[in-house]
Amino acid sequence: MAAACAACSGDARSVAPAEPLAVKIGTFLPKSGRSPLVDLAGMFSSEPLVAAAWDGRPAFRLAASLEESEDGRQLTVTLRNDIRFHTGDPITAPVVRDLLTKKLFALPEIAGIVALDDRRLQFSLHKASSVKPEDLSTMLVDSNEPERIGLRTGPFKLVSTEPMVLERFDGYYQGKPSVERIELHEYSTHRAAWTGMMRREVNFLHEVSRDAIDFVEAGGDIRAYPLLRPYYTALVFSMRHPVLKRREVRVAINEALDRNELVRNAMRGKGRIAEGPFWPYHWAYPQGRFPVAFNPEAARLRLEASGLKVSASSAHQMPARFAFTCLVLAGDDRFERIAQLVQRQLYAVGIDMQIEPVSLKELQSRLTSGDFEAFLLEEAGGRMLSWAYRFWHSPGPGAPGFPVTGYSAADGAFDRLQVARSDEEVREALSDVMHVLRADPPAAFLVWPREARAADVSLEIPYETDRDVFGSLWRLQWAGPQIKAQR
């Protein structure tokens with residue numbers, strides 16, 4: 001499928017390279033029911049002060065520099081002087097302050113923001129050194145208010161919301177985008193979006209499921225661009241369960257799980273084993289020091305030593321050492337397939353994990369109220385260390401909407417990691433957290449999923465293994481005949 005412009009008609013694959021380059025992206029409504037259109041539009045039209053690079057290091061965007069005060073309680077950000085909003089006005093600290101003040105819920109560690117002058121912002125922190133530069137990537141400098149929609153700085157400006165259309169911003173500070181127009185099309189299901197691609201209604205797919213990646217990569221006019229998503233799937237335990245609250249039981253569960261089989265069979269090989277909740281490519285991650293061991297015999301011996309013998313409590317139950325119920329999102333094959341394989345692996349060591357599919361609304365309610373024994377779900381890992389702190393630090397953990405697990409064993413280690421300042425301190429603190437999570441696990445960290453974007457072969461897209469091509473979409477070109485032939 002080839003790129004098309006707004007005036008194109010007929011066979012899109014016959015479009016000459018002289019045509020203006022337009023990208024039509026097809027997406028679909030996920031199980032959560034929350035449309036991805038607004039987030040996609042923000043991805044192409046908005047930017048943060050500082051982004052998180054692939055290795056978790058800060059990548060400066062709208063910020064030219066950042067300084068931490070000696071006591072660690074203030075961060076002073078100096079804005080670049082060559083950036084303009086889509087309105088044509090230069091960015092100024094007072095305007096950026098107003099935009100970000102409404103988003104402080106994303107970083108509860110920030111007490112407030114003041115504009116020192118037109119180019120400098122000062123962030124005050126509740127606790128010294130609790131916000132790292134890359135943490136600012138969670139707050140985009142933008143507004144969704146119709147009268148302020150032009151207060152964005154990305155390579156594309158939003159010109160319509162129904163339908164969702166963006167056009168090239170010629171004043172983009174990193175250079176003029178080669179793509180002139182982006183159209184976002186939402187379909188009811190993944191299958192419908194794929195059909196739209198086949199019918200040439202779109203020339204780019206926002207998401208290709210794990211099941212479809214091999215089909216796409218088999219050849220033809222479409223190419224897949226796999227990416228490792230910064231989300232991990234975990235089996236999370238409640239410390240209120242009379243058996244799961246026991247440390248040795250949670251260690252045994254981790255020993256009983258074959259994560260390689262999960263990746264191979266439950267994920268069609270499209271994933272990576274998770275050793276913990278931290279991005280595996282982070283510069284401070286202790287590579288090779290925390291391998292996950294699959295040892296079902298050790299799990300059986302550990303459970304036996306804990307006094308948990310295999311027995312049947314009634315004639316209608318399978319013999320087991322104990323049972324617990326695991327919540328999963330109903331109708332989502334990604335998690336149900338993993339849960340079923342985990343269920344089989346645990347039963348091999350005498351643990352009966354009963355799967356309970358629930359709606360998204362019920363799942364959210366039960367997790368935030370603590371009304372669960374375990375759940376299997378995908379959690380945001382990000383490329384920053386702070387995501388793990390917010391999720392796993394008690395209580396609840398520090399922000400509304402997080403599951404109430406009752407886990408607190410790693411609080412001290414997480415506190416040291418949060419305020420670590422030098423590279424050496426960060427590496428040491430991260431290793432300390434991993435030691436605690438391994439010795440006293442709050443969950444079985446399972447896998448990092450690998451999914452994909454897909455595009456017509458007529459589009460030449462800069463791509464690095466496992467990285468998201470959307471980050472460089474503004475630089476894509478028409479593919480030459482030789483490149484298309486190679487594909």
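**Stop one: paired rings**

Select Phe204 and Phe470: both are buried, meaning under 20% relative accessible area with a 1.4 Å probe, protein chains only (over 50% is exposed, in between is partly exposed). A word before moving on: this is a predicted model, where local features need pLDDT of at least 70 and side-chain atom pairs count only at pLDDT 80 or more, while totals for chains, interfaces and linings use all residues. Residues are numbered from 1 along each chain as its sequence is written, and side-chain values use heavy atoms, leaving out hydrogens and water.

Next, pick Tyr232 and Phe445, an edge-to-face aromatic pair with 5.8 Å centre to centre and 70° between the planes. (Rings of Phe, Tyr and Trp, the last by its six-membered ring, pair if their centres lie within 6.5 Å; planes under 30 degrees apart are stacked, over 60 edge-to-face, the rest tilted.) Tyr232 belongs to strand β13 (residues 231-237) and Phe445 to strand β18 (residues 443-456), so this pair ties together parts 213 residues apart in sequence. (Strands are DSSP runs of E, at least two residues; helices are H or I, at least four; both are numbered from the N terminus.) Tyr232 has 1% relative accessibility, so it counts as buried.

Now widen the selection to Trp54, Trp279, Tyr281, Phe391, Trp392 and Trp448: with Tyr232 and Phe445, they form one aromatic cluster.

**Stop three: the core**

Which residues touch the most other members of the largest nonpolar core? Leu235 and Phe278 do, in a core of 76 residues. (A core is a set of buried Ala, Val, Leu, Ile, Met, Phe, Trp, Tyr and Cys residues joined through side-chain atoms within 4.5 Å.) A second, separate core has 55 residues, including Phe44 and Ile91.

**Last stop: a cavity**

Finish by selecting Glu109, Lys132, Tyr389 and Gln418, which are among the residues lining the largest cavity. (On a 1 Å grid over the protein atoms alone, a cavity is a set of points where a 1.4 Å probe fits but cannot get out; lining residues have an atom within 4 Å of a point.) Helices α10 (386-392) and α11 (411-419) each supply at least two residues of that lining.

Key
1 Å grid on protein atoms, 1.4 Å probe; cavity = no way out; pocket = protein on both sides within 12 Å on 5 of 7 lines; lining within 4 Å.
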